[in-house]
Amino acid sequence: MVLPARIPIPDEVIAIARRLEEAGHEAWCVGGAVRDSLLGGEQKDFDLATSATPEQVQRLFKRTVAVGVKYGTVGVFDGDRVLHEVTTFRHDVRTDGRHAEVAFGVSLDEDLARRDFTVNAIAFHPLRGEWKDPFGGAEDLGRRRLRAVGDPAARFREDYLRVLRALRFAARLDFIIDPPTWEAACAAAAGLGQLSAERVRDEWTKGLATTRSLRRLISLWRKSGAAAVWLPQLRSDEELEAWTGDDAPARRDPVVLTALCCHDPVAVLGRLRVSNSDLARAAALVTGPPAPAGMTSRDVRRWLAAVDGAADDLAELWQLRHAAPFPWAAEVAAIRGAGAPLRRGDLAITGQDLMAAGIPAGPAVGQVLERLLALVVDEPTLNVHEALLERAKELA
Ligand code: ATP
Ligand code: MG
């Protein structure tokens with residue numbers, strides 16, 4: 001690819017760069033936004049790389065936040081209170097596959113040399129319209145190829161997360177991975193066990209959110225060996241061949257998609273240390289039932305009452321599995337619109353009422369309420385206080 005004379009840079013970013021340059025520092029646009037704007041489409045979130053130290057950046061701008069000052073990153077607010085990341089040129093002085101110790105006071109070229117892939121190591125000077133592309137990133141963009149900066153094996157050993165980043169970028173950009181980079185990534189996959197669950201989770205989630213094709217992402221995770229380390233429950237190629245569902249769903253929920261792609265999503269997501277609420281959602285997806293037992297309104301009410309909060313997740317999973325709209329969607333909406341009783345709290349009678357009517361406090365109260373709920377789920381018109389009280393007396 002021939003680099004264009006300019007890429008469109010938002011005025012706010014230019015203003016920040018100008019202030020840095022006027023104070024005698026260098027300021028360059030770098031990273032994903034430069035890459036993505038070369039691939040087409042305007043970008044807003046340009047990261048800036050600068051020769052100014054974090055302290056100098058903090059002094060130059062009125063409103064800043066210390067995003068990661070240890071690593072050289074200061075967030076600078078523009079006039080519209082949008083945050084822009086400004087990071088001091090840095091290089092890695094020590095790496096152990098998981099963390100890096102960084103040093104400042106280096107040149108832009110050295111800063112670009114520590115970046116992971118050539119397409120992520122292109123810099124654009126927003127004031128002078130000048131390009132720095134020391135590793136041939138533009139050519140790789142043109143060939144739709146992901147290639148490590150420098151010796152791929154060494155770069156993956158410095159930070160194993162780069163293996164997962166390679167899979168993510170290849171799947172999202174629909175790029176091939178350059179063979180030496182791919183071989184090194186496969187060889188490094190065994191080291192992925194050293195990564196923290198949180199970093200792996202973020203990569204998996206971002207991968208699911210941005211991949212053009214779910215199948216490609218999954219196949220890259222498996223073929224590289226990354227899945228064997230972190231997602232042994234990933235479905236097999238044969239299963240995925242058999243799956244005819246939507247390969248590029250509009251909604252990208254990590255819990256639902258993990259349940260789609262993996263056996264035992266609870267084990268997968270637990271190991272990836274997702275939040276307890278996401279873990280509960282995964283468990284509810286496994287518990288199901290996956291859909292109502294039949295097409296009647298009563299079937300749908302029974303299902304909604306049984307799955308409670310998981311109905312929408314289950315409907316989404318069903319759609320993905322079947323590559324078809326959820327056949328019960330209209331009925332679900334009608335039932336919700338009518339406010340049909342589906343939970344204990346919807347009953348026209350409470351445990352207090354039952355005890356007042358002479359049912360002894362204790363498990364019997366809960367059992368009677370459950371049975372009343374089953375009755376009104378099947379027949380919502382029965383949800384009337386007096387009628388339920390009568391039934392309760394019969395049941396107790
Ligand atoms: P995205 O669109 O996902 O934000 P990105 O390329 O901007 O893609 P970031 O994680 O935001 O990715 O990182 C910004 C830049 O920092 C990258 O383009 C790359 O140059 C560099 N970088 C980030 N993580 C690493 C890493 N683990 N090793 C080397 N360089 C990295
Ligand atoms: Mg980014």
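**Figure 1. A salt bridge between Glu-158 and Arg-162.** Glu-158 is partly exposed, at 23% relative accessibility. In this predicted model, its partner in a salt bridge is Arg-162. The closest N and O atoms are 2.8 Å apart. Arg-162 is buried, with a relative accessible area of 7%.

**Figure 2. The Arg-344 and Glu-370 pair.** A salt bridge joins Arg-344 to Glu-370, with 2.8 Å between the closest N and O atoms. The pair links distant parts of the chain, 26 residues apart. Arg-344 sits in the loop between helix H18 (329-338) and helix H19 (351-356). Glu-370 belongs to helix H20 (residues 363-378). Arg-344 counts as partly exposed, at 40% relative accessibility. Glu-370 is partly exposed too, with a relative accessible area of 40%.

**Figure 3. Asp-140 with Arg-147.** The side chains of Asp-140 and Arg-147 form a salt bridge, 2.8 Å from N to O. Asp-140 is buried, and its relative accessible area is 0%. Arg-147 counts as partly exposed, at 24% relative accessibility.

**Figure 4. A network of salt bridges.** Six residues are shown: Arg-251, Asp-253, Asp-278, Arg-281, Asp-313 and Glu-316. Salt bridges link them in a network. The structure as a whole holds 31 salt bridges.

**Figure 5. The largest nonpolar core.** This core has 95 residues. Those with the most contacts inside it are Leu-20, Leu-164, Leu-192, Trp-221, Leu-231 and Leu-234. Helix H7 (residues 161-173) gives the most to the core, with nine residues.

**Figure 6. Surroundings of Leu-231.** Leu-231 is among the residues with the most contacts inside the largest nonpolar core. Neighbours within four places in sequence are left aside here. Beyond them, Leu-231 is in contact with Trp-204, Trp-221, Ala-226, Val-268 and Leu-272. Of these, Trp-221 is also listed among the residues with the most contacts inside the core.

**Figure 7. A nonpolar patch on the surface.** Val-65, Val-67 and Leu-83 form the patch. Together they have about 200 Å² of accessible area. Leu-83 lies in strand E5 (residues 83-88). At 35% relative accessibility, Leu-83 counts as partly exposed.

How values were computed: Residues numbered from 1 in each chain as written. Chains lettered and ligands numbered in written order. Predicted model: local features only at pLDDT ≥ 70, side-chain atom pairs only at ≥ 80, totals over all residues. Heavy atoms only, no water. Core = buried A, V, L, I, M, F, W, Y, C linked by side-chain atoms within 4.5 Å. Buried < 20%, exposed > 50% of the residue type's maximum accessible area, 1.4 Å probe, protein only. Helix = DSSP H or I, 4+ residues; strand = E, 2+ residues; numbered from the N terminus. Contact = heavy atoms within 4.5 Å. Patch = residues over 30% accessible without salt bridge, like charges linked within 9 Å, V, L, I, M, F, W, Y side chains within 5 Å. Areas by Shrake-Rupley, 256 points an atom, 1.4 Å probe, with all protein chains shown as cover. Salt bridge = Lys/Arg side-chain N within 4 Å of Asp/Glu carboxyl O.
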